[in-house]
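Please look through the sequence and the model shown below before reading on. The report then takes up a few features in turn.

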Amino acid sequence: MAFRFFIILLLFNFSLGFSQNQDSIVDGAPQNNKVIEVELDSTSIKSLKDNEFAAQLDEKWFEELYSNDLFDTIYKSVSDLKFDEIDFPELHTDTLKARLKELDARTPFNVEYNRSLESVIKSFLKHRRNSIQKLIILSAFYFPMFERELDLYDIPLEVKYLAIVESALKPRAKSRVGATGLWQFMYGTGKEYGLDVSSYVDERSDPIKSTEAAAKYLARLYKIFGDWDLALAAYNSGPGNVTKAIRRSGGYRNYWNIRHNLPRETAGYLPAFLANMYIFEYAEEHGFKKIKPEIAYFETDTIRVKQMITLDQVSDLTGTPIEELQFLNPSYKLDIIPFIKGENYTLRLPVDAVGKFVNNEDKIYAFAKEEFNEREKPLPQFFNSKSKITYRVKSGDYLGKISRQYGVRVSDIKKWNGLRSNNLSIGQRLTIFPRKPHVSGSSTVKKQTKPKAIAGDAITYIVKSGDSLWSIAQKFPGVSIQNIKDWNGISGTKLKPGMKLKISKG
């Protein structure tokens, strides 16, 4: 994790300079998309039907991506790293030596063969194949953005593998001492490098900004030590611990010669980094598959927000799954993108949703504002014990479904209940602190609405399977969802096949 006591760096006369480096931000510029002239409200998108089974698979996939289980596993394996000889005949020592020699020739890191490194590589290959395969899939999304930022600061591109050791590529990973994000910045170090942390935002979890901060910090450390192995050791435990290890080792400057005098976690840090570098560089030779991720980095773009908006609202109005938005926008702690004068907060979306958002920007913000005004408590509140409920798992439940029902995160439910995986059992009781209002055992009486008379001629439309108010409104020019509801005395959004609706001919 990043050096906890950042104040020591103030002794070095370096220039900080923080430049915002957001990629291609769309700021309401005209797009080559046809304007969608529809009435945008929360029902118009929600009423569109998806394949339920496929939607569940998508949500479980994003839960898998967003889970902290992988981070916990890697964090423990690095801090408890052992160097015992491993029986792994699939990788012969001579083959490993040849590959490490080839790798050493093309990287500034010292990856020469030694028995300790061989032990770590074989241990990872033998015991962590599933974890490594997941990381390889995740890396297809994160590595392109890492490489761009590292290249800007002349940092070796292999440093991208450091994020695997630090966070298992989890933007919201948090260590036991509070280091947060892909690059595990402590609060003070993050602030020192321009990463904003507030009630709404934690830029230590922003993939672009945190990578830029990590690149700046590593560049400083390399300038101090003149050696990338020692710079990484200092990144983990602080420059002071590295210089003490050099003194206690009699002046040695090679990581492997001072390792026994470093803190326990740092002693396993560089071997874990080098082992991951080797495995990723020779992934195909070891039978790992480089699978295209659900969404690639180049398939996303950012929009600078002009008004406070929630990820739930964006999900409703663009049709983008909430789990996908949370994955793409991990720095917003409460799923709210605030609007603060002088700050440039952005929303990352899949490119196919960017056009929808920009071309309907005024309507989207108007809807968000109206919804905020209608809320008794417009912003999510932190929870106290009085708001706790107990939820009993039913058939067909999964964490993503339950989290959306109560407006909380999957990671929150797991934390509150000490869950180490996403698996649930029917009848299992879960403690939940809901954000969304929930009244147990009560029912709401729907208000009956009197139909409004239609001026002029009308036709009768018979609802078919798969129809929604939004899809029906699109069949009749000039007819809105609210028109159909008014003409037929409908207060909700649910329709049944065979239902007869009166529609004005206009």
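## How the model is read

This is a predicted model, in which local features need pLDDT of at least 70 and side-chain atom pairs count only at pLDDT 80 or more, while totals for chains, interfaces and linings use all residues. Residues are numbered from 1 along each chain as its sequence is written, and side-chain values use heavy atoms, with hydrogens and water left out.

## Aromatic rings

The structure holds 24 aromatic pairs, where rings of Phe, Tyr and Trp (its six-membered ring) pair if their centres lie within 6.5 Å, and where planes under 30 degrees apart count as stacked, over 60 as edge-to-face and the rest as tilted. The rings of Phe141 and Tyr142 have centres 5.0 Å apart and planes at 90°, so this pair is edge-to-face. Phe141 is buried at 4% relative accessibility, and Tyr142 is buried with a relative accessible area of 0%; here buried means under 20% relative accessible area, exposed over 50%, and partly exposed in between (1.4 Å probe, protein chains only).

Phe185 and Tyr235 also form an edge-to-face pair, with 6.3 Å from centre to centre and 75° between the planes. This pair links distant parts of the chain, 50 residues apart, since Phe185 lies in the loop between α7 (162–167) and α8 (187–192) and Tyr235 lies in helix α10 (residues 228–237). Helices (H or I, at least four residues) and strands (E, at least two) are DSSP runs, numbered from the N terminus. Phe185 is buried, with a relative accessible area of 0%, and Tyr235 is buried, with a relative accessible area of 0%.

## Charges over rings

The charged end of Arg128 sits over the ring of Phe124, 4.1 Å from its centre, and the charged end of Arg129 sits over the ring of Phe288, 4.2 Å from its centre. A charge sits over a ring if NZ of Lys or CZ of Arg is within 6 Å of the ring centre and within 35 degrees of the ring normal.

## Nonpolar cores

The largest nonpolar core has 76 residues, and those with the most contacts inside it are Phe146, Trp183, Tyr235 and Phe273. A second, separate core of 22 residues includes Ile309, Leu317, Phe367 and Ala368. Such a core is a set of buried Ala, Val, Leu, Ile, Met, Phe, Trp, Tyr and Cys residues joined through side-chain atoms within 4.5 Å.

## Helix α4

The buried residues of α4 are Leu96, Arg99, Leu100 and Leu103. These residues cover an arc of only 100° around the axis, which puts them on the same side of α4; the arc is that of the directions from the helix axis to the C-beta atoms. The face of α4 turned away from this buried side carries the exposed residues Asp94, Lys101 and Ala105.

## Two loop residues

Asp154, in the loop between α6 (129–152) and α7, has a positive phi of about 55° although it is not a glycine. Asp335, in the loop between α16 (322–328) and β4 (336–337), likewise has a positive phi, of about 60°, and is not a glycine. Most residues other than glycine have a negative phi. Are these two residues buried or exposed? Asp154 is exposed, with a relative accessible area of 68%, whereas Asp335 counts as buried at 14% relative accessibility.
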